[in-house]
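Good morning, colleagues. Please look at the display while I take you through a few of its features.

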Amino acid sequence: MQFTNIFVILFLVGTVFNFTLNGLLEYIDYRHRAKEGCKVPKELFGYMDSKLLKKTCEYENEKYFLFIPQAIAGFVLTMVLVFSGFYVMLFNTLFYNLKSIYLTLICFSFLSSLPSAILSLPFDLYAEFCIEKKYGFSNMTLKMWLADSIKSLLVGMIIGLPLLLIAIFLLLHVSSSWWVLLGIVYVAFSLILSCVYPIWIAPLFNKFSPIEDNILKARLETLLKKTGFESKGIFMMDASKRSRHSNAYFTGFGKNKRVVLYDTLIQQLSVDEIEAVLGHELGHYMHHHIIKRLCVMIPLVFIALFAISYLIKIPELYRGFGFAPETSITVLEGNVVVETVQPYIQFIGIFLLNLALEGFGIIASFIANLFSRRDEFQADMYAAEICGNSRPLETALIKLNKENLSEVTPPKIYSMIYYNHPPLLERLQALSRKDKK
């Protein structure tokens, strides 16, 4: 390790920054719950009581007490893997024994993620089978959990392996413009995946059936026609076989769009409230939030890949973390000598860049969540308009918050950084201001 290396410095600063900031924010949220968590806001008088809020605080506290050892263990593991030279040893061992760069990089991608997956396993099991079951959310069995894990692993391999092979091929054989081609492949693959997901992937985990309540079905179909939203239908998902948490969403792309309601949502809300929830989802469609997000994300993909294409050619990226890459010397016009890394190891450069910059990901999440919360407010306003008033959406949001034991008044700084949906009170206050206007 070269501690004066800029990439190693970025890794150390980012990892410490991420660990410290997350720990500080979670502690701020914990202390806020201790002081304010059981107080019923005036907007929720008659809907919630201190007993419910106390249960919510207890649920959140249990998750916080699990977060502490998990965060510390994850931080220590990351440091140990990097400073011990684990990744260098893993790559060299694979490269010299497998004699194939394709097999080496495929195995490296899998094995390098294995330590963190093993570490998270006991924490995931405790969260699912202790905390979630204690508060009546989880209906998961160990057999079901294992089946889901195996399915997820297989689906991830089927989806990820072709992309990985294409990326390796382009790095090896199209060294000058690989980033353009990989960007095109990635975007196309993502769009295709969004089309096939509701048809082939989602049914591997859940059963989707038409809504049997004719009154509810008629109301929702009328709402869809009113907005001109074309879909393959409205489906109920058997979410309750795993969890009591509830949700609704659109899935698919183009003509394969589907409206999906959790069966728990149908059980918990009235017809008017479900209609308002669907109206909110339609608000995202009518305001073109998904298209706008694609218009931002697609250029960012190419910009990121362009930057990566230059950075992975810098030998110091590899040497800083203990790699000894094979390099070549290029003499440019004006007697400028450039040392560049051979293509076969540049895939490792992508891995090291991710390692160096991963700790700053919370900044990108903060920006993304800022725009996401804005979109959620717009979708709320649309639901209030399309349903004639905001009351059904307000009561639906309150019920969903109660059923999911979500925090009612999280600290502002906490929700700004972590929440992609506005907190309940902010949404209720915004709807109330609209009603007054």
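I363 is part of helix α13; helices here are DSSP runs of H or I with at least four residues, numbered from the N terminus. This is a predicted model, in which local features need pLDDT of at least 70 and side-chain atom pairs pLDDT 80 or more, while totals for chains, interfaces and linings use all residues. Residues are numbered from 1 along each chain as its sequence is written, and side-chain values use heavy atoms, without hydrogens and water.

With a relative accessible area of 43%, I363 is partly exposed, that is, between the limits for buried (under 20%) and exposed (over 50%), using a 1.4 Å probe and protein chains only. I363 also belongs to a nonpolar surface patch of about 670 Å², together with I6, I9, V13, F17, I367, L370 and F371. Such a patch joins nonpolar side chains within 5 Å, from residues with over 30% relative accessible area and no salt bridge, a salt bridge being a Lys or Arg side-chain nitrogen within 4 Å of an Asp or Glu carboxyl oxygen. Two or more residues of the patch come from each of α1 (6-36) and α13 (361-386).

Let us turn to N401. Is N401 buried or exposed? N401 counts as buried, because its relative accessibility is 10%. This residue sits in helix α14, residues 391-403. Its side chain reaches the backbone oxygen of S406 at 2.9 Å. Leaving aside residues up to four places away in sequence, N401 touches M48, S406, E407, V408 and L424, where contact means heavy atoms within 4.5 Å.

Finally, just after α2, G85 adopts a positive phi of about 80 degrees.

Methods. Polar contact = N/O pair within 3.5 Å; in protein donor to acceptor, adjacent residues only side chain to side chain. Patch = residues over 30% accessible without salt bridge, like charges linked within 9 Å, V, L, I, M, F, W, Y side chains within 5 Å. Areas by Shrake-Rupley, 256 points an atom, 1.4 Å probe, with all protein chains shown as cover.
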